[in-house]
Amino acid sequence: MDTCFLSLIVLSYIQKQVLLDGTMRIIDLTQKIYEGMNVYPGDPEVKITEECTLAKDGYTVFKIQINDQIGTHIETQYHMLQGKRLVDEHISRFIGIAHVIDVPCRKITKDDLQQSGDSLKSCEFLLLRSRYSQTRKNINVNDINRPVLGIEAIKWIVEQGIRLIGIDCFDFDEPPHYPGHKYLLKHNVLIVEGLTNLGSLVKKRIKLFVIPLKIERTGASPCRAFAIEE
Ligand SMILES: [Zn+2]
């Protein structure tokens, strides 16, 4: 039996395991990107243009104009500091075990995070589930009923050894100085914002994938975020 045929059989077996194994769930946590979607105040709008068409060219090519903070996105140090850019991070930094904590849509204190109980031990990533994006689509930085992490909460997260935090809101910080971003990024904690659908997660401990495009120079990129629950 040649190795190619053998690998096909193995692949088919693995796929069946994934499909047949009712204990494994894959949950998409990513916003759709489309023209007219909300952008952070002052950021460029999305524009998607069909440059080559099936009718005219026999194939399609789209010009996609987006900013690096659009929708569900991941941020590295260079977003706000002189430091690592997106391409400086190894792809392994975007995959890890995450602990899910429910947080209120108001200023989040260290007590809020500690009282949520479960230990963060053995988790590298922290997901903050506010459910904000499930009910509100506008990006309003002045909304006092949005989740905002106080600096004590931020410091506590860093002390726990967390290396990536994610939240289901367009932001968790206070403009114009963004103290939370700067503290996290200075300590090399990656930031994922604009997650959605966290309400579909059943487990408190999940495997999280936040996979950005491999773009040179930028400090951030839209990403495809998904969870695996086993
Ligand atoms: Zn941000």
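**Figure 1. Strand S8, helix H5, strand S9 and strand S10 (190-193) are among the elements that cover the buried residues of helix H6.** The view is taken from a predicted model, in which local features need pLDDT of at least 70 and side-chain atom pairs count only at pLDDT 80 or more, while totals for chains, interfaces and linings use all residues. Residues are numbered from 1 along each chain as its sequence is written. Helices (H or I, at least four residues) and strands (E, at least two) are DSSP runs numbered from the N terminus. In H6 the buried residues are Gly180, His181, Leu184 and Leu185. Because these residues fall within an arc of 120 degrees when seen down the axis of H6, they line one face of the helix; the arc is that of the directions from the helix axis to the C-beta atoms. A residue is buried if 20 or more other C-beta atoms, placed from the backbone, lie within 10 Å of its own, exposed if 12 or fewer, and partly exposed in between.

**Figure 2. Helix H5 (residues 151-159) has Ala153, Ile154 and Ile157 as its buried residues.** They are on the same side of H5, since the arc that they cover around the axis is only 100 degrees. The elements against which the buried residues of H5 pack are strand S6 (107-108), helix H3 (110-115), strand S7 (125-129), strand S8 (148-149), strand S9 (164-167) and helix H6 (179-186). After H5 comes Gly161, which has a positive phi near 85 degrees.

**Figure 3. Helices H5 and H6 pack with their axes 10 Å apart and at an angle of about 15 degrees.** The contact is made by Ile151, Ile154, Lys155 and Val158 on the H5 side, and by Pro179, Gly180, Tyr183 and Leu184 on the H6 side. The crossing in which H5 passes H6 is right-handed. Axes are lines fitted to C-alpha atoms, for helices over the stretch in contact, with angles from 0 to 180 degrees between N-to-C directions, and a crossing is right-handed if the near helix is turned clockwise from the far one by less than a right angle, left-handed if anticlockwise.

**Figure 4. Leu149 in strand S8 is a buried residue, with 28 other C-beta atoms within 10 Å.** Leaving aside neighbours within four places in sequence, Leu149 is in contact with Ile108, Ile154, Phe172, Asp173 and Gly180; two residues are in contact if their C-beta atoms, placed from the backbone, lie within 7 Å. Ile154 is also one of the buried residues of H5, and Gly180 is one of those of H6. Although 40 residues separate Leu149 from Thr109 in sequence, their C-alpha atoms are 6.7 Å apart in space.

**Figure 5. The loops on either side of H6 include Tyr178, between S9 and H6, and Asn188, between H6 and S10.** Pro176, which also lies in the loop between S9 and H6, is joined to Pro175 by a cis peptide bond with omega of about 5 degrees. Tyr178 has a phi near 50 degrees, a positive value in a residue other than glycine, and counts as partly exposed because 16 other C-beta atoms lie within 10 Å. Asn188, which follows H6, has a positive phi of about 60 degrees although it is not a glycine; with 15 other C-beta atoms within 10 Å, Asn188 is partly exposed.

**Figure 6. Val46 lies in the loop between strand S1 (25-28) and strand S2 (47-52).** Val46 is partly exposed because 18 C-beta neighbours lie inside 10 Å. When neighbours within four places in sequence are left aside, the residues in contact with Val46 are Ile33, Tyr34, Glu35, Met37, Gln65, Ile66 and Ile70. Of these, Glu35 is eleven residues from Val46 in sequence, and the C-alpha to C-alpha distance between the two is 5.1 Å.

**Figure 7. The largest nonpolar core has 43 residues, and those with the most contacts inside it are Ala98, Phe125, Leu126, Leu127, Ile165, Val189 and Val192.** Such a core is a set of buried Ala, Val, Leu, Ile, Met, Phe, Trp, Tyr and Cys residues joined through C-beta atoms within 7 Å. Neighbours within four places in sequence aside, Ala98 is in contact with Cys123, Phe125, Leu126, Leu127, Ile206 and Leu208. For orientation, the protein chain has six helices and twelve strands, and buried residues make up 32% of its 230 residues. Among contacts in the chain with a separation of 6 or more, 76% are between residues 24 or more positions apart.
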